[in-house]
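I opened the model to look up its cores, its helices and a few single residues. The entries below follow the order in which I looked.

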Amino acid sequence: QRLNERSVGLVHSPIGPLLAAGFLGLCLSPLLGLLAAEIRGIVHGDVPNPQIEQLFLAQGTPIQWFFLAMMVIIAIPLAEEFLYRGVLFGFLARHTSDRWAIWVTAIIFGIAHYDIANSIGTAILGLALGWFRSQTGSIWPGVCLHAGFNLFGFILIMIPLSNNFGT
């Protein structure tokens, strides 16, 4: 079967699931962040998250940070949701079931996110993203959830870095 808008979840979603998903993303971010920190502590000891460490080493201007924020909060959720909950979920759901598609895309999504500490929390996030895709037939609630998740994390990272703007 050929790819089309419906098969990859590029269909309209009512505002309710979009708002609920965005709010859930904001709520899940600190919880899964704490989970990742605990796992990192168990597995790696006192080693900080290397993804966050790279940001602390960056010496960006405000405009560079703005474009980074747009990438993290908008572009990455769009691209990843299209790939994982659009194309991959659509393929798996057509050939197996929505349940399998949710689990497989969540696991692959988790594995793709750097290390064991990030992967477990990201896989849990992937379950929520897949559930929204399954329930609505659309990737847009997942994009909102993912964007809310990334927004919260980006703000937490930016708070200590905001004193370094323009230096």
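**Entry 1, the cores.** I began with the largest nonpolar core of this predicted model. I list its 11 residues as Ala21, Leu28, Leu32, Tyr84, Phe109, Leu125, Ala128, Leu129, Phe132, Leu145 and Phe149. By nonpolar core I mean a set of buried Ala, Val, Leu, Ile, Met, Phe, Trp, Tyr and Cys residues joined through side-chain atoms within 4.5 Å. Buried stands for under 20% relative accessible area, exposed for over 50%, and partly exposed for what lies in between, with a 1.4 Å probe and protein chains only. At least two residues of this core come from each of helix H1 (15-44), helix H5 (116-136) and helix H6 (140-161). H5 gives the most, with four residues. Helices are DSSP runs of H or I with at least four residues, strands are runs of E with at least two, and the numbering starts at the N terminus. Apart from this core I found another, of eight residues, including Trp65, Leu68, Ile73 and Met158. In soluble globular proteins, nonpolar side chains tend to be buried together.

As the model is predicted, local features need pLDDT of at least 70 and side-chain atom pairs count only at pLDDT 80 or more, while totals for chains, interfaces and linings use all residues.

I recorded six helices and zero strands, in the order α-α-α-α-α-α along the sequence. The radius of gyration is 17 Å, close to the 15 Å of the globule rule for 167 residues, so the chain is as compact as a globular protein of that length. The radius is taken over C-alpha atoms, and the rule is 2.2 Å times the number of residues to the power 0.38. The C-alpha trace spans about 55 × 35 × 25 Å along its principal axes. I found that 41% of the 167 residues count as buried. Among contacts with a separation of 6 or more, 76% are between residues 24 or more positions apart.

How many residues does helix H3 have? Helix H3 (residues 62-95) has 34 residues and reaches 47 Å from its first C-alpha to its last, close to the expected 50 Å. The expected span is 1.5 Å times one less than the number of residues. Where does H3 bend? The bend is at phenylalanine 89 and comes to about 40°; this is the angle between axes fitted to the seven residues ending there and the seven starting there. H5 has 21 residues and reaches 30 Å, close to the 30 Å expected. Just after H5, I noted a positive phi of about 75° at glycine 137.

Is glycine 90 buried or exposed? Glycine 90 lies in H3 and counts as buried, at 6% relative accessibility. Beyond its neighbours within four places in sequence, glycine 90 is in contact with Ser7, Arg85 and Arg133.

Isoleucine 139 sits in the loop between H5 and H6, and I found it buried, with a relative accessible area of 3%. Not counting residues up to four places away in sequence, isoleucine 139 touches Val8, Gly9, Leu10, Glu81, Phe82, Arg85, Gly86 and Arg133.

Aspartate 115 is placed in the loop between helix H4 (98-111) and H5, and counts as buried at 15% relative accessibility. Its contacts, leaving aside neighbours within four places in sequence, are Arg40, His44 and Pro50.

Isoleucine 120, in H5, counts as partly exposed at 34% relative accessibility. With neighbours within four places in sequence left aside, isoleucine 120 is in contact with Leu35 and Ile39.

Leucine 19 belongs to H1 and is exposed, with a relative accessible area of 59%.

Notes: Residues are numbered from 1 along each chain as its sequence is written. Side-chain values use heavy atoms; hydrogens and water are left out. Contact means heavy atoms within 4.5 Å.
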